[in-house]
Amino acid sequence: MDSKKKIVFAIDTNMPGGAERVVVNLANQMAKMGIDTTIINSDNGSCFFEVDKEVSVVKMNLHNGVNYAGRALRFAKKTAFLKRYFKREDPDLVIAFLPNMEIPAIIAGFISGKKVFTSIRSSLDAYPFWVSLFRRIAYPHIGGVVLQSQKVYDDLCIPGTNKTVIPNPISVGIRRSEMIPALSERNNHIVNVGRLIGFKNHELLIDAFDELADIYPGYELHIYGDGELWDQLSDRIKSKRNSSNIMLHHSESNVIEKNRCARMFVSASETEGFPNAVVEAMASGIPILCASFDKDVVSSIIHNGDNGIVCEISCDDLVAKMQQMLEMSETQTDALVKSAIESCQKYGIEEITNQWLEFVYGH
């Protein structure tokens, strides 16, 4: 790969999150390919995901705005910083993630004459009106937009927008079939990983597991994540009959690998752009149960009964499908996991990075 290529990623922080993980994975891989790669964050200390030593990290050292005026000032400082940086460092292009960095990066790109690409991480109705309005005005004039699913690609109807579908790369190694633990080697853990925010639907998962634990008292639910609902979820767990079987853990960078012998991974999310943790658990050989938050997105990843199990977003169906998975034989579980691993080959970091490079340098 031509070592003269120079790419800047812009994202608000390096905190636990799907978008943050994707940025670090792509930047690390591009640096390994000989590309001059930089990640710009607006904060001063976040470093959750490990960044390769060949990737430059630039921190703006901005404080969070506590009110409207503070947020507006922070936005202006971001835009000014990016404009100066783009002019001084002269990257080939900029890739910005999430609206709080996407919008200032696009504005700074217009001013400095830099081509900016961005990526929409959720369904379009998850964003406020003002973000959608900005995108409608700006997208026809930027380098391009990467979507995570065909559904969102079809929904993004902004004339003149250069767009493509590229799924997220997985940050774990794809496990070989012979390394799958036998059913007897799996522990009694049911695992969930995700930011503790409303649409991840942890309350439903806790309620469903509490009912399941009445039937299967030997199992434990382990939820890994941080976020605004920590205290609320802690209180909800304490109120349950089987509270001693439900554990809430802070985020860990290698949590999927640590739980590769889990009995199953369960996602009850109401909406996702692309369920990173689900796919990484599949690639790691953990049996998957995923709520059908969007039938088009879910069906593109999970073929129900073949490489995972899909359930409705309801407590009754979540309980029923968890029970179904616990009653699977070793042969059935092994076949499910092997099929999941095979289906994850297309999410390898090399393949996904090459798709990004073909898109951003081909337009």
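Which helices each supply at least two residues of the lining of the second largest pocket? They are α2 (68-89), α3 (99-112) and α4 (129-138). The model is predicted, so local features are given at pLDDT of at least 70 and side-chain atom pairs at pLDDT 80 or more, while totals for chains, interfaces and linings use all residues. Residues are numbered from 1 along each chain as its sequence is written, and side-chain values use heavy atoms, with hydrogens and water left out.

Helices and strands are DSSP runs numbered from the N terminus, a helix being H or I with at least four residues and a strand being E with at least two. A pocket is found on a 1 Å grid over the protein atoms alone, as an open set of points where a 1.4 Å probe fits, with protein on both sides within 12 Å along at least five of seven lines; lining residues have an atom within 4 Å of a point. The second largest pocket has a volume of about 500 Å³, where volume is the space filled by probe spheres set on the points, and points are joined across faces, edges and corners. Its lining has 16 residues, and R71, R74, F75, K78 and N100 lie nearest the centre. Helix α2 gives the most to this lining, with four residues. By type, the lining of the second largest pocket divides into six nonpolar, five polar and five charged residues. In this division Ala, Val, Leu, Ile, Met, Phe, Trp, Tyr, Cys and Pro count as nonpolar, Asp, Glu, Lys and Arg as charged, and the others, Gly among them, as polar.

The next residue to look at is N41, in strand β2 (residues 36-41). N41 counts as buried because its relative accessibility is 2%; buried means under 20% relative accessible area, exposed over 50%, and partly exposed in between, with a 1.4 Å probe and protein chains only. The side chain of N41 reaches the backbone oxygen of I11 at 2.9 Å and makes a polar contact with the side chain of K59, also given as 2.9 Å. A polar contact is a pair of N or O atoms within 3.5 Å; within protein, one must be able to donate a hydrogen and the other to accept it, and residues adjacent in sequence count only if both atoms are side-chain atoms. Contact in the wider sense means heavy atoms within 4.5 Å. Leaving aside neighbours within four places in sequence, the contacts of N41 include D12, T13, V57 and M101.

N61 has a phi of about 60° and is placed in the loop between β3 (56-59) and α2. L98 has a phi of about 75° and is placed in the loop between β4 (93-97) and α3. N61 is partly exposed, with a relative accessible area of 44%, and L98 is partly exposed, with 21%.

Further along, S123 is found in the loop between β5 (116-120) and α4. S123 counts as buried because its relative accessibility is 16%. A polar contact of 2.8 Å joins its side chain to that of D125. Not counting residues up to four places away in sequence, S123 touches V152 and T271. The C-alpha atoms of S123 and S149 are separated by 9.2 Å, and the two residues are 26 residues apart along the chain.

P169 lies in the loop between β7 (163-165) and β8 (189-193). At 4% relative accessible area, P169 is buried. P169 and L26 are 143 residues apart in sequence, yet 7.9 Å apart in space, C-alpha to C-alpha. Beyond four places in sequence, P169 is in contact with several residues, among them L26, E280 and Y347.

E280 is also one of the buried residues of helix α9. Helix α9 (residues 276-283) is mostly covered, with eight of its eight residues buried. After α9 comes G285, whose phi is positive, near 90°.

Helix α12 (residues 330-343) holds T333. T333 is buried, at 5% relative accessibility, and touches L183, R263, P287 and M328, not counting residues up to four places away in sequence.

Last come the cysteines. A disulfide is a pair of cysteine sulfur atoms within 2.5 Å, and by this rule the count is zero. C261 is in no disulfide, and the nearest cysteine sulfur, that of C344, is 17 Å away. C261 is partly exposed, with a relative accessible area of 22%, whereas C47 is exposed, at 62%.
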